[in-house]
Amino acid sequence: MPSGDGSTKPSAKTSKKPQYSRFTQQELPACKPILTPGLVMAAFLILGLTFIPIGLSHLSASDNVVQLIDRYDEACIPAGNSNPEEAHGKRVSYIQDDKTDKTCTRTLTVPKKMKQPIFVYYQLDEFYQNHRRYVRSRNDQQYRSAGAERKTANCDPEAEVNGNPIVPCGLIAWSLFNDTYSLSRNDVALPINKKGIAWESDKTSRFGADVYPKNFQTRSPIGGGKLNEKIPLNQQEDLLVWMRTATLPSFRKLYGRIETDLEENEKIKVVIQNNYNTYTFSGKKKLVISTTTWIGGKNEFLGKVYVTVGGICLLTAITYIIFYLVRRGN
Amino acid sequence: MTGPRRKGIRFSRLYSFSCFKSSFRDQHGQIGQKGYSRVVYCNDPDNPDQLVLRYCSNYVSTTKYNAFNFIPKSLFEQFRRVANIYFLVVACVSFSPLAPYTASSILAPLIAVIGATMAKEAVEDWRRRKQDIEANNRKVQVYDRNHNFQDTRWKKLRVGDLVKVYKDEYFPADLLLLSSSYEDGICYVETTNLDGETNLKVKHALDVTASLQEENSFQQFKAVIKCEDPNDDLYTFVGTLYYDGQQYALSLQQLLLRDSKLRNTEYVYGVVVFTGHETKVMQNATDPPSKRSKIERKMDKIIYLLFSMLILVSFVGSFFFGITTKNDIVDGKLKRWYLRPDDTTVFYDPKRSALAAFFHFLTGLMLYGYLIPISLYVSIEIVKVLQSIFINQDQDMYYEEMDKPAHARTSNLNEELGQVDTVLSDKTGTLTCNSMDFVKCSIAGVAYGRGMTEVERALAKRKGDVSDSGITSSDIQRSSDNSVASGKSIKGFNFSDERIMNGQWVNEPHADMIQKFFRVLALCHTAIPEVNQETGEITYEAESPDEAAFVIAARELGFEFFERTQTSISLHELDHTSDRKIDRSYTLLHILEFSSARKRMSVIVKNADNQLLLLCKGADSVMFERLSEDVPDFVSTTMDHIKRYAEAGLRTLVVAYRELSEEEFKSWEEEFLEAQTSVSADRDALVDAAADKIERDLILLGATAVEDKLQRGVPECIDKLANAGIKVWVITGDKMETAINIGYACSLLREDMQQIVITLDSPEINDLEKKGDKEAVARASSASITNQIKEGKRQLSSSEGSSVSCGLIIDGKSLSFALNKNLENSFLDLAINCASVICCRSTPKQKALVTRLVKKGTGRTTLAIGDGANDVGMLQEADIGVGISGVEGMQAAMSSDFAIAQFRFLERLLLVHGHWCYRRIALMICYFFYKNIAFGFTLFWYETHASFSGQPAYNDWYMSFYNVFFTSLPVIALGVFDQDVSARLCLKYPMLYQEGVHDILFSWPRILGWMLNGVLSSMIIFFFTTSSVIHQAFRQDGQVLDFEVLGVMMYTCVVWTVNCQMAISINYFTWIQHFFIWGSIAFWYAFLVMYGAISPIISTTAYQVLVEACAPSPFYWLATLLIVVSTLLPYFMYRAFQTEFNPMIHDVIQRLRLESPEEEEASVELFFQQKERIGSVKDKLREEETLLSK
């Protein structure tokens, strides 16, 4: 300092001293949890002790679910004992032949008493409903309002027939699943309720009440099922279910509900119209009849993992305690 | 990288003396030629000849952007980053059918991110603009056509305008000084804004114009200036004034530079020569070299790693996509008929599957782009700006006395502060206060001054002798008593000796010598007195603090300097016969100025008795050889005293005088004036030679000793830094003895250390030097240094194993040899193995060279700290430059990255802020990569189940908000607020700092570990989710899980996981962390509800998905819980075991905090046990480093 000239002396007004606040001084009240041995052991024990019961209750719930699975894609095809290559060709030509009667009858045995409501599903394997081309091949605007029937963007190649828009357009609708099941018990028809199988939001908002199918499946190649042109889209629940694309190549979709109980060992006769072509890509078709509980359908995975993770936590807690004691001992 | 660095060094040379001299060449002959073509019509700016030259206006803009170029220019800046270019390309391509998601969903985050950065730029630029507007609209008085001085805005100023500037006003442009309020046309100028020097500089008007002091004298004033073109050299100006038919040479003496300030002068008149951007100061405005932190450079590598990962993943995806697509038609038969492979676009065409695969590769690059964190750069920028606000706001780094808080001038290097390995420090003004106190003097062989210096105290303490220390403490007691007794301490004066104070000196045996001695101190200087009108107190503006100390000492002892004019110096003097104060005036004949080459200054004055006196003060090395032949008997005593003073850490000067005879002076003056007015390149040499002729046969009076006190807290701070494992090197211009003693005083050297001294001060070399054979000297020196380095290494290796550490001391001459290419490495090898290093007698250039050597040689982070213009090169060369905004102006602070007011704040800056910032940024970047990998890979796993068709599992907008809303704020909170341990503990356990030096938190194993954890998390999330729901109903009403629901489930797990991962990675939760972490998760659900409520045309797959499908299902919640816990479990287990059984330093300290304070001792012991373990960790790390570098 060349002997002070006064200008550098701090004055109260212009002092540059930082204002004190707990925030700017980084002294906010804070909780600082630390992984002490006690905390670690407690955490693992608590995790273990909560997860195992959750897993067990989950498993028991899953155990209460009764389900019947019947794969019919091979059985419902005239058997051919030729080589696989040839068999494949035969199957394809069978399914692609419109004139053949594709009725097929299967008999299933109820393993345990099934309480209503009992859900009927179809299950497809190796069917990529999540393929990008497939998922995008739809137009929600068209499905929603009658005035938008010309909106067929993204729907190619199932957008128009001779300049007329296809309603509903797109590959998803075009490939609609069209096997049918009719059930009977002791020769008495077992009605399947097909109402209320679609999501409510689909019926009210995504699909219009005034949109009717038009020019649908009128042109070769014909993909899957046809639609009744008298019924608006939002009441065609099969279509709505199908249009909610599956997320994985192996999936089930709701077919309908049985609203009576089924007793143990009852024989159920199923008449299947085996129309849907999964043979070209070697996909499987299954019929599934299942009850549900609070966790949904039969699902052991989640329960098992809960128990496993819980077990690992307990094991870790024990290991940790041993390590800890050994070190203390030293 | 080397480009701007070299420039930095050149820039620093500008301030060193040599540059000043060398550039001062005679260039008047070149006027009118290339580079010297400027023509100014003075007082006639409307002259058509002037107008045709179209010189630029005085409007100045320092902004980076203006209204028109802001958008393109700032966008260009943004897209210079590789990651941003990638996102731009992706955004463009996203309008094509290639895109796996809608264009708007990729554009929105990009715009948000770029917009945030641009907003930041805009705010910064707006601040600069406001400053510009303020400067451009300042008023100055300009002579107008009506012959009046009118207030005019700065920006309206034109070349040739005549302006009047008043006291304490800034000059609006570069002006040619015509006249001032002083008769002789001088004025005083303060150039702090230009070069940081606080002393006043004198400017002289030409004699022909000096008389133009009246406003009306300008009515007829017309002149033409021809001068050099605008350039950036602050120290040259060449021009010619054509006035009244005569030519006059113009030099820098007549140029008043923009942004300097008029002081001690009522007003000046000047002509505008350079305006606006053509002024020297604007020409000098270059951006400081931009530095990037190590972490950021490493981050770039990680980004490249991620890019290669992205390409690999996309390639794998497109390869399999190509195969499956090709198989859709086999032998003309459709396989997956529902995809209509027979009637498709090129993107899915089985017949052109290779092409489809290629396009899919591009799609993949876009889809897996989530591996690259788009918001990383902007987040880091925001975080760093906030961090530097915390640094600026830290009350513990605020210096009350000078009202200076710490200032982070760049926010780029915050985390680098946590990795400093070597601190290179200047001494004067950095370790010391640079406020010189006059403490001792030796007059006529008698030593005066009873005070004890800090160094002496340290030395006494070091000796540890009981009886000695007894005396010491009483001494200290006495000196402090004295200062209390005198009532107030006087700045620059810490002298106490009853023998000569309060006028008692008249009773001393050599009273006449004492009188002459203090008279020299009162007269031989260039200081300017300022008399306080109210109190009558006199203060001084001096060129250096030393000089001020002398003038003050003279004042205190009764020789009060109170007035200086061009031709005289006046003192209030105590008459030693009548014992009364009388005013004495001395006619000032010449000042022979100080220069670093001359190492002395003299004045020639004539006293009232018409006696001619040459008064001289200078360094002992040059003064003793100039003493007259008939040496007084106290010369050797004085020499002894000087030696003792130097050992006590004091700066000494020898004071002498000489009486001149009239004739001698006359003949010398002629010669001297001739030399001064000569117009040849060697003018300076001639002037020096002339001065040399008169500065001889001096009569010794005595010697002065001023103390440059250590700053408060310096020894403690250096101790802390040493404990933190930071090496401290001191590079100073001082003498070796002074440097060593200062080293002891600031605990850089300790008694138990072995000193390795490298010097060329040996008899043989001195002999050679006398002979003048330069080559032989160089050869001998080089050989000697080589030997000394070898010897040093031998000492070092012999002391290895024992606890003795070594201190290396090297002088400047030796350093110049040691820095040669062939010795460089062995010198560095020696130096880095020493605990502390002191380089003395070093030049500014050597400071920079040493810094570069350490930086390049060790590859570790260097921090340079200094306060003066001579440290600028070092500050710019080092990884981090810290400027002390202290006494020697602001030059160092202006070119530094961080400015602090006191050296001791360095401790907090490094150990607290540095450590925190390093930890925060390191963890933040790791976490960023973790969260993006964890998310990005779920997309890839999903592809494996969707025949690699490029369909993302999630709704477009979930994905685009991932980086912007659901995960961004917690990570910013981490970067800004996280603390592993409190500031107090950071300082208490400096060992913690080693985590940064060895880069433990951002080492490759750790980074890869986090990445691996990310991959693992994505796998657990994806496979657990899909396995748990593969077929069956997930609700009691029999509904199965579809595309919409799976996306929500997986995304929920991702959001929970990455946010909870954050929560278990940090252990510092304020309400901010809680709010951001849990708020982000809550926001995800809120977003789902809101987005799901919009029409299904817009929300598509998200329509009503949470409210209708997920929320009512217990399965959804149970699965979320399970998956989130399972995903976090591996990391949690790792942490649990690692903290307990292989803790890092911060883990140990955290545990210590918890344990009861009574067990302090035991815990410290534990801590040192840990220390050893950490040592082994370090070794391991080093091995890894070498492996990686190979």
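Between which two strands of chain B does the loop that holds B:Asn610 lie? The structure is a predicted model, in which local features need pLDDT of at least 70, side-chain atom pairs count only at pLDDT 80 or more, and totals for chains, interfaces and linings use all residues. Residues are numbered from 1 along each chain as its sequence is written, chains are lettered from A in the order in which they are written, and side-chain values use heavy atoms, with hydrogens and water left out.

**View 1. Backbone of B:Asn610, a residue with positive phi.** B:Asn610 belongs to the loop between β25 (600-606) and β26 (612-618) of chain B; strands (E, at least two residues) and helices (H or I, at least four) are DSSP runs, numbered from the N terminus. Although B:Asn610 is not a glycine, its phi is near 60°. The residue is exposed, at a relative accessible area of 53% (exposed, over 50%; buried, under 20%; partly exposed, in between; 1.4 Å probe, protein chains only).

**View 2. Backbone of B:Arg340, a non-glycine residue with positive phi.** The phi value of B:Arg340 is about 45°. This residue is buried, with a relative accessible area of 5%, and sits in the loop between β15 (333-334) and α11 (353-367) of chain B.

**View 3. The cis peptide bond from A:Asp156 to A:Pro157.** Omega of this bond is near 0°. A:Pro157 occupies the loop between α4 (140-144) and β4 (160-161) of chain A.

**View 4. The cis peptide bond from A:Ser220 to A:Pro221.** Here omega is near -5°. The loop between α6 (200-206) and α7 (237-243) of chain A contains A:Pro221.
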